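Welcome, and please take a look at the sequence and the 3D view below. The briefing that follows walks through the structure topic by topic.

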Amino acid sequence: MSYWYTVLTFTGINVLLAYSVYASYMTGQVSLGQSAFFGIGAYTAATLTVLSGANLFVAVIAGGAAGTIASLFVGVPTLRLRGYYLTVATVAFAEAIRVVLHNFRFGKPREGAAGDTWQGPDGPVGFRHISYLNEHNIGTFEYMSIVWCVVLVVVVVFAILERSRLGRVLRIIEEDQIVAKSIGINVSFMKVGAFAFGGFLAGIGGGLYAHLMTFISGDDFKIYLSALVLAYVVIGGGQTMWGPLVGAVIFTLLPEVSRPVKEFRLELFGILMIAVMLFRPAGMISAANVRKWAVGRRLRALLDRSSPRVSSPMVREP
Amino acid sequence: MPGFVLQAAIEGLVAGGIYALLGLGFHLIFGVLKRVNLAYGTTLMASVYLAALSVNLHGVPWPAALPLALIIGIAITLAVERLAFAWVRGDGRFSMVATLGIWMIIEEFLIRTPGHGRGQAIVNPFDLALVSVGRLELRVDHIFAFVLSLALCAGIYAFLFHSRAGLKIRVVVEDRALAGLLGIDAASVTRWTFALAAVIGVIAGYVFATAQHAIDVHIGMWATLKGLVILVLGGAGNLWGVVAAALGLGIMERVGTELAGPGYRDLIGYGLMLCLLALFPHGFGGRARLASG
């Protein structure tokens, strides 16, 4: 059972990552830097719990803050420009950060340990002994609950965002930047804000990931991770907040239940990405689907039976 | 200047020749055609890799490797052009995501070939021959690569700006509808430009791999990374800006490695790129936009 708790914890972390891509996708920008923000968040949070004995909550928030700072570093110069500068810059950034994390050595010798004598990130060897969960007796079920509480908060934030004026502003920027400017929207500011929020979510996800894994290294944060997470959003659907959620959940769980899918995971994602872009750029769940299903409205109607039904004058007589 | 720094700078300049060739390929696709083809670097690597694999496993004579790599490179690039650009409609974002999918498929495919994505040796006809210029020592193959790169860059410049075919490309890029009115087949011109970029890129990849004596799947990421950094540094619309950026990057990386150690070499180019974007948003050369959507 504990295996499935871990799988579900991974699923939750992937949902966070998917939303971190989705935040800037809403404004029409494609980021491939999520693996870098994820890695920076992971290293920051793990360093805080291992070397300074910080609380998990504080460490993970600090990881999110580190992700935000890193994303501002990339986003501020590139998001002022039109075109795909952000994508180009994040591709290079993701690779550069992987190299840095791979070479990063910081910390102190471990006391009373034979063999592994380093505490903290140890260059190409990686960052070992992130044992916060063990030391504080947090089991796999508890940790899964913690991660999914965070996911729930993020989902609620996006649900509110999508119904708000701010959400519509972001969508206008996606649709047409010139129109957005003409009605007085500060386009660059909004794009940077959305991207930085994405960096925050990726950093939080990284902090949670590091403590789940207990061992991380620069090679965990290759650009393929960014590509996979982008695939969750694109295949799931980038028009509403349901796409990233459904995409991340299905494509994290599918390889676990089906062995061939696990083996040919990257090919499958590649083919699906091309197929979706060719035949259904809106992804599995489009905005039109969400309007049609209107789950929320139907639920409310069910609960609110007493309200008088308005019969349509257009109803055809049998 | 201490001798070893000068030696490093010259070596960097020579390495910059290969960067220039690579940057030129990216310039044709991203800058001239305004297509964000993220599968380009991987395509180059895959063609050289498959050619090296057929030499090593199937006994193809080594001089046939480059022509073979060129054929594979052109085929893949034209397939990418069909699949991700001609057939995907709407937002440029969608084409970009499709090329990312192609990137993933190609890399996974190489790992499933008999080579398993591991390094494949490539015959280097110059081996490690050195020439001495004063107190400097230079590798012959590096000098050959440098001269070849600059000659190709000059050739592409002449082609784009002093030939009828080059004029056609520029008309198509400027205004597709107008090109149609002038009787230019825009789709065919686009295909030819893609093929040309594939040729240049594969030559760059092949020359680089030969200087390393081997090729592995990491060259794909290397090509993408260097190409994009050079493209942004040079300004997407300017061929000579790209060449200057490539040579400059080569020198700075090599000297930086000498002074700061090899681990952080990739950061030099990356840091430069971000600083430049912050200060001069459109690169040193020109104000052309990078494939705006």
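Let us start with a pair of helices in chain B: H9(B) and H11(B) cross in the left-handed sense (a crossing is left-handed if the near helix is turned anticlockwise from the far one by less than a right angle, and right-handed if clockwise). This is a predicted model, in which local features need pLDDT of at least 70 and side-chain atom pairs count only at pLDDT 80 or more, while totals for chains, interfaces and linings use all residues. Residues are numbered from 1 along each chain as its sequence is written, and chains are lettered from A and ligands numbered from 1 in the order in which they are written.

**The helix pair in chain B**

- Helix H9 (residues 218-234) of chain B and helix H11 (residues 265-279) of chain B have axes that come within 9 Å and cross at roughly 30°. Axes here are lines fitted to C-alpha atoms, for helices over the stretch in contact, with angles running from 0 to 180 degrees between N-to-C directions.
- That angle makes H9(B) roughly parallel to H11(B) (angles under 35 degrees count as roughly parallel, over 145 as roughly antiparallel, 65 to 115 as roughly perpendicular and the rest as oblique).
- On the H9(B) side the contact has B:Leu225, B:Val229, B:Val232 and B:Leu233, and the residues they meet in H11(B) include B:Asp266, B:Gly269 and B:Tyr270. Residues are in contact if their C-beta atoms, placed from the backbone, lie within 7 Å.
- Sorted by class, this contact of H9(B) with H11(B) has nine nonpolar, one polar and one charged residues (Ala, Val, Leu, Ile, Met, Phe, Trp, Tyr, Cys and Pro count as nonpolar, Asp, Glu, Lys and Arg as charged, and the others, Gly among them, as polar).

**Chain B as a whole**

- Chain B contains eleven helices and four strands. Helices (H or I, at least four residues) and strands (E, at least two) are DSSP runs, numbered from the N terminus.
- With a radius of gyration of 19 Å, close to the 19 Å that the globule rule gives for 293 residues, chain B is as compact as a globular protein of that length. The radius is taken over C-alpha atoms, and the globule rule is 2.2 Å times the number of residues to the power 0.38.
- Along the principal axes, the C-alpha atoms of chain B fill a box of roughly 60 × 50 × 35 Å.

**A hairpin in chain B**

- Strand S2 (residues 130-133) of chain B pairs with strand S3 (residues 136-139) of chain B in the antiparallel sense, over four bridges (two strands pair if DSSP finds at least two bridges between them).
- B:Val133 stands opposite B:Leu136 in S3(B), and B:Leu130 stands opposite B:Arg139 in S3(B).
- The two strands, S2(B) and S3(B), form a hairpin with two residues between them, and B:Gly134 in the turn has a positive phi of about 60°.

**Chain A and its helices**

- Chain A has 15 helices and two strands.
- The radius of gyration of chain A is 22 Å, close to the 20 Å that the globule rule gives for 318 residues, so chain A is as compact as a globular protein of that length.
- Helix H1 (residues 2-25) of chain A and H10(A) have axes that come within 9 Å and cross at roughly 70°, and are therefore roughly perpendicular to each other.
- Among the residues making that contact are A:Leu17 and A:Val21 of H1(A) and A:Val229 and A:Leu230 of H10(A).

**Where the chains meet**

- The contact takes 34 residues from chain A and 37 residues from chain B.
- On the side of chain A that touches chain B, H4(A) gives the most, with twelve residues.
- That side of chain A has 24 nonpolar, six polar and four charged residues.

Notes. Two residues are in contact if their C-beta atoms, placed from the backbone, lie within 7 Å.
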